[in-house]
Amino acid sequence: MRRLFLIDNLQPFSTNIRSSIRVKQKEKRHFCDPSLAASLLNLTPRKLINDLNTFGFLFESLVERDLKIYGESFGAKLLHYQDYKGHEIDAALELEDGRWCAFEIKLGGHQIDEAAKNLIKINNSIVSNGGRGPSVMCVICGMSNAAYLRDDGVYVVPITALKQQFTMNK
């Protein structure tokens, strides 16, 4: 399925290059395009509106696909983070120089606070264990009107702003 470009799984990420997490953790499975999953499940817009959990999973997959494409344009690699305690970050964009960015992806604006708290908690855990924290912590949201920096240092960015932001930084 990989050779047919149907799946494009995300490899695990760890801040420590020699970490067993990079070897032992499983890939995060993805179709190359989330519309494949929607089609296989025979989803319609009405069905998705009535099942926001599934809609959220498809939205997360869509954003990760876009992050991967934008990141690859400047040599970055998209990975996923999960430690042995079960803490996870939806996406980690690793730059060639070792810096990385942490992304939580949420469909609704009411999930921003929870996502930001998760990023901060994992950042604190990584740093307290001697790891290198993310250069940027960001919540990408489907239902947000503007990009802004929260008081806790977490960026909130609507999905619609990604293309413009990556194009400007290139």
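Modeller: Cys-101 counts as buried because its relative accessibility is 14%, and buried means under 20%. Please keep in mind throughout that this is a predicted model.

Colleague: What makes Cys-138 buried or exposed by that cut-off?

Modeller: The relative accessible area of Cys-138 is 5%, and since the label buried needs a value under 20%, Cys-138 is therefore buried as well.

Colleague: How do you know how many disulfides there are in the whole structure?

Modeller: A search of the whole structure finds 0 disulfides. Cys-101 is in no disulfide, with the nearest cysteine sulfur, that of Cys-138, 8.6 Å away. A disulfide needs two cysteine sulfur atoms within 2.5 Å, so the sulfur of Cys-138, at 8.6 Å from that of Cys-101, is too far for a bond.

Colleague: Why are strand 2 and strand 3 called a pair?

Modeller: Strand 2 (residues 77-82) and strand 3 (residues 88-94) are joined over 5 bridges in the antiparallel sense, and because pairing requires at least two bridges, they count as paired. Among the bridge partners, Lys-77 has Glu-94 in strand 3. The hairpin of these two strands has 5 residues between them, and there Gly-86 takes a positive phi near 90°.

Colleague: Where is confidence lowest, and where is it highest?

Modeller: The protein chain averages a pLDDT of 83, with 79% of the residues scoring at least 70. Confidence is lowest in helix 1 (residues 21-24), at a mean of 50, and highest in strand 5 (residues 136-141), at 96. Where pLDDT is low, the predicted coordinates should not be read in detail.

Methods. Residues numbered from 1 in each chain as written. Predicted model: local features only at pLDDT ≥ 70, side-chain atom pairs only at ≥ 80, totals over all residues. Heavy atoms only, no water. pLDDT = per-residue confidence, 0-100. Helix = DSSP H or I, 4+ residues; strand = E, 2+ residues; numbered from the N terminus. Buried < 20%, exposed > 50% of the residue type's maximum accessible area, 1.4 Å probe, protein only.
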